Every structure is written in C-alpha cells, then in structure tokens.
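Thank you all for coming; I would like to take a few minutes to walk through one structure with you. Please have a look at it first, and then I will go on.

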Amino acid sequence: VARDEVLAKLRERIVRFAASHLARDAAEDLAQEVLILLHEKYGHLETPEDLLPLSLQIVRFKIMSQRRKSARRGEYTQVSVTDLPLPDLEPNPEDAFERKEMLQRLSRAMARLGDRCRELMRLKLQGKTFPEIQKIMGAAAINTIYTWDHRCRKNLLELMGGKWEA
Amino acid sequence: MTPQEARKLLGGYATGTLTQAEQEALLAAALEDQDLFDEIAREQSLREVLADPAARASLLGALNEPRRRWWQSWQPWAAAVAMAGIGVLAVSLRKPPAAPVEMARVEPPAAPKVDLSAPTPVAETPRSPAAPRKRKAAPISEAPQAEMAKNEAAPPSPPAPKAEAPAQAPLPAASPRSSFRDSAAQPQVQAFAVRSAALPLSLRYTILRENGAVRLRFTANAPGYLSVGGATPVPMVLTQPYTTPALTGDEVKVIFARQPVADAPLGLNPDIQERDGETYVTNLAQNEPLVFSIPLKQP
C-alpha cells in the first residue's frame, strides 16, 4: 500500500475519531497537524504497522493536552487547534502521574480476575504471543485463546470502571 | 481478514504480543473500519503504560500474588456483622403487639316488669305460611297498642340485642343525624341490634298541628321504649315512626330508654339540633335514658 494512500485513510479515521472528542473543525485541524508531523518528522515510516500506532499516540497527546489546557483555564469551550502545542511525545510529570495512577488501577483490577484470566494476562505481559499461549494453556484452537482473551479484557475493563484511563 | 476477525486480535495490541502477521492484519483492518480504529485508539493509553518494562514487572508482581478469596477480605465480614447488628437492634426495638382493647360491652336488657296480677291482653301475630308456629307478642299496655293501630303497623317488640357486643364495637356517631344515618344504613336488623347497642340513644321528632291538636311524631335510632308525658312506655322500632295522641299543656316530658322507664330526671345536656323542620335529640351520656322536654306552643 502506498504511503499516501495509508496517510489518506489515516486522516479520515483520525478526523472521525477526533470528532467524537472535539468540535468538527478542531478535529479536522488535529488530523492535519498529525499528518504534517508524520510527513516532516517521521517521513521514513511507510507501513500501517508503523504509522497507525504513532499517529494514535500523537492524537492522544494532543487531545489530552487540550483537555488539560481547558481544565487549567476553566474553559470548556472549543479551543483553537492552533493554540495547541506540538506534542513532545516524551514523558512529562502529568503523563507520569496519570500512568502511575492507571498502573495502580490495573494492578488492583488484575488481582481480582479469575484464575484463567490471571494466567492469560501473566503470559501476555511476559511477551508470549497468542499461538504460544495456546500451547502453554493447552487450548485446542487459537480461536479459544482469542475468545478467552476477549472475555478477560472485557472483565478487566469492567473492573476498571469501563475505561482504561481514569 | 474481516474487521470482526481482526477484533479478536485487539487484546494483543496493547500488550504488543501480536505476531507480525497478526499486527499487519489488525492495523490494515483498522484503516478500513472506523469502529475498529476507534477501539484501537482507546487501547492506546493501555499500550503506552504496558510499553514500560517497569510497569509490566509491577503488574506481573500483582498477578503472581496469591489471589485473595472473598473470605480473606474484611469487607464481607464487616457487612455480615453490620447486618447482624441491625437485625438484633430491630428485634430488640420491636414492640409486642398490643392486646385487643374491649371498646364496648352491652348488657342484655332486663325483661320488662310485668304485673302478673293484672290481666294483660295478649296479642297474637298473624300466622304466615313461612312461620306457622304461634308466637306471643311482648307484653305491652293498651295505650301503645291503640296508638300503634293508628300507625297501621304494629311494631314488633324491639329485637333483643345480643348478650355481648363484639370486642371492637363501632364508636358512637358524631352527630344525631349521622347517628340516624348509621342506623338506617344497616340492612339487617340483627346486625343493627348489635351495632345500635353501642350507639347513643337519639330521637328525631316533629311537632304536628292539626285542627288545634298537637301531636308529636318520633323516630328512634335504636330499639327502645318511649314514654311521652308520663304515659306508659311504648316500644320503638328502628326507623318506624310513632305518633303520639293529641297532647295538651305547654311542655311535655319525653323519656327514651332501652328498657321501659316511666319517669326519670331530665338529662343534663342532650344534644339538640334542628334541621329541615325536624329536631334531633341525642343523649351524650351513653347507656343512660334520653330524657328531655318539648315545649308545645299552642297555635
């Protein structure tokens, strides 16, 4: 798939995703900024496996940045995307605090999972792939592991209150 | 791979444990499907946390700890103790059910005194097909019998109230009119006898003036005996009016009791109300005869 084609699809997806968090105009501007950043700073990346996770990371940073800015200023109205700083992508104190809080919530929720889910999560955190997990857990088919994983993630998400972030 | 099949791989995106082929399939599907893209975007924060080796180690430590069973937590025990405490408190504060209070008791009326030495006319009630047996009427004097004949229907003797009223008899009516309403609303005489025994005695009367003669027409709210101007008491039947013979004088004394009473002192404070040309008199003192006087102003 050509890089331009991937970027065009990415833009469409980012606009629609950002529109659920920001105003439509801001979402358009946000997607444009992401693409500019991908073009100028990450021009060597071409495949969706590289571009999509990176673009999602940028989008998340920008949306979080806007939320913090609105909260600090007491603003809950639309903020022009031109006022948003370009993401640093390096950990900052606020991010570190949020990640630490999320990690604590994850720890508490995982401790409450059932035995099979705990084992599955443990194997995934150890870096095992699904086929490897299938062998270790003795499942007959890989789809069984997919189904267990889907249920365990759903259970974990419920234990965390329905969303990963606080 | 369809988006539905690719969605099964979502769990490996955050942990970064997808194979190369799985990752390519998932992300390619996400570029084509907005819902899948949104789900991956929501996993991004978890992916970033789990990308930190220290965070992974911390979570692995939490997973390696033995799972706490429900009985190993203090919350269920605290809840159980709290519920038990509430139960004990509720039982200790619960009042025992109150014993039923007897509100009224009606003594059976004493049999009217009859002078056995004097010849007493005995009236026989006409036989009916349904009641072939002879029944002797209650002993009454001649005067009331004659008066009752004028009223076209001889009132039978008042039904004797039951020896004992129910433990929770109805309270007395609030007013003379309501007393009459309560009495008239009872469809069964037997039930009324029980109920009226607890009602205060009440009379409704109208002064009738015809050709210079003054008569009084009474209606009682309960069975009893009525004496007007010192005359021999006549039995009164529920809602059946009784009209006196022509009366003379400026005032006449009326006595209405559950038992035949020829004379009694005037009541202290009978309740008297007038409405629609009729006068309602009620004895506020329950279980005592209703005694009052009616001024007869001659036209």
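Let me begin with a question about a single side chain: does A:Arg11 count as buried, partly exposed or exposed, and what is its relative accessibility? Before I answer, please keep in mind that what you see is a predicted model. A:Arg11 has 27% relative accessibility, and it therefore counts as partly exposed. The side chain of A:Arg11 meets that of A:Glu28 in a salt bridge, at 2.9 Å from N to O. A:Arg11 sits in helix α1 of chain A and A:Glu28 in helix α2 (residues 24–41) of chain A, so this pair ties together parts that are 17 residues apart in sequence. A:Glu28 is itself partly exposed, with a relative accessible area of 25%.

A second pair within chain A is formed by A:Lys62 and A:Glu33, whose closest N and O atoms are 2.3 Å apart in a salt bridge. Here A:Lys62 belongs to helix α3 of chain A and A:Glu33 to helix α2 of chain A, so the pair ties together parts that are 29 residues apart in sequence.

Over all chains, a search of the whole structure finds 16 salt bridges, and the count between chain A and chain B is four. One of these is the salt bridge of A:Lys9 with B:Glu32, in which the closest N and O atoms are 2.3 Å apart. Because A:Lys9 lies in helix α1 of chain A and B:Glu32 in helix α3 (residues 20–32) of chain B, the pair joins two chains. A:Lys9 has 23% relative accessibility and so counts as partly exposed, and A:Lys9 is also linked with A:Glu5 and B:Glu32 in a network of salt bridges. B:Glu48 forms another salt bridge, with A:Arg60, where the closest N and O atoms are 2.7 Å apart.

Let me widen the view to the interface as a whole. In it, 44 residues of chain A are in contact with 45 residues of chain B, and the area buried between the two chains is about 4,000 Å², of which carbon and sulfur atoms give 65%. On the side of chain A, A:Arg13, A:Glu49 and A:Leu125 lose the most area to chain B, together 17% of what that side buries. Polar contacts across the interface of chain A and chain B come to 13 residue pairs, both residues being at pLDDT 80 or more. Which elements give two or more residues to the side of chain A that touches chain B? They are α1 (3–18), α3 (48–73), α4 (93–111), α5 (115–125), α6 (130–137) and α7 (142–159) of chain A. Sorted by class, that side of chain A has 21 nonpolar, seven polar and 16 charged residues.

A brief word on helix α6 of chain A, where A:Glu132 lies. A:Glu132 is at 39% relative accessibility and so counts as partly exposed, while its side chain reaches the backbone nitrogen of A:Thr129 at 2.8 Å.

I will finish with the strands of chain B. Five of them form an open sheet in the order β5-β2-β1-β8-β7, and the pairing is antiparallel. β5 (242–243) and β7 (271–275) of chain B stand at the edges, each with a single partner strand, so one side of each is left without a neighbour in the sheet. β7(B) is joined to strand β8 (residues 278–282) of chain B by five bridges, and within this pair B:Ile272 stands opposite B:Val281.

What, then, of strand β3 (residues 224–228) of chain B, and how many of its five residues are buried? Five of the five are, so β3 of chain B is largely enclosed by the rest of the structure. Both of its faces are covered, with B:Gly224, B:Leu226 and B:Val228 on one side and B:Tyr225 and B:Ser227 on the other. β3(B) pairs in the antiparallel sense with strand β4 (residues 234–236) of chain B over three bridges, and with strand β6 (residues 251–257) of chain B over four bridges. B:Leu226 has B:Val234 as its bridge partner in β4(B) and B:Phe256 in β6(B). In the hairpin of β3(B) and β4(B), which has five residues between the strands, B:Gly229 takes a positive phi near 65°.

Methods: Residues numbered from 1 in each chain as written. Chains lettered and ligands numbered in written order. Predicted model: local features only at pLDDT ≥ 70, side-chain atom pairs only at ≥ 80, totals over all residues. Heavy atoms only, no water. Contact = heavy atoms within 4.5 Å. Buried area = accessible area lost by both parts, 1.4 Å probe. Polar contact = N/O pair within 3.5 Å; in protein donor to acceptor, adjacent residues only side chain to side chain. Nonpolar A, V, L, I, M, F, W, Y, C, P; charged D, E, K, R; others polar. Pairing = 2+ DSSP bridges. Buried < 20%, exposed > 50% of the residue type's maximum accessible area, 1.4 Å probe, protein only.
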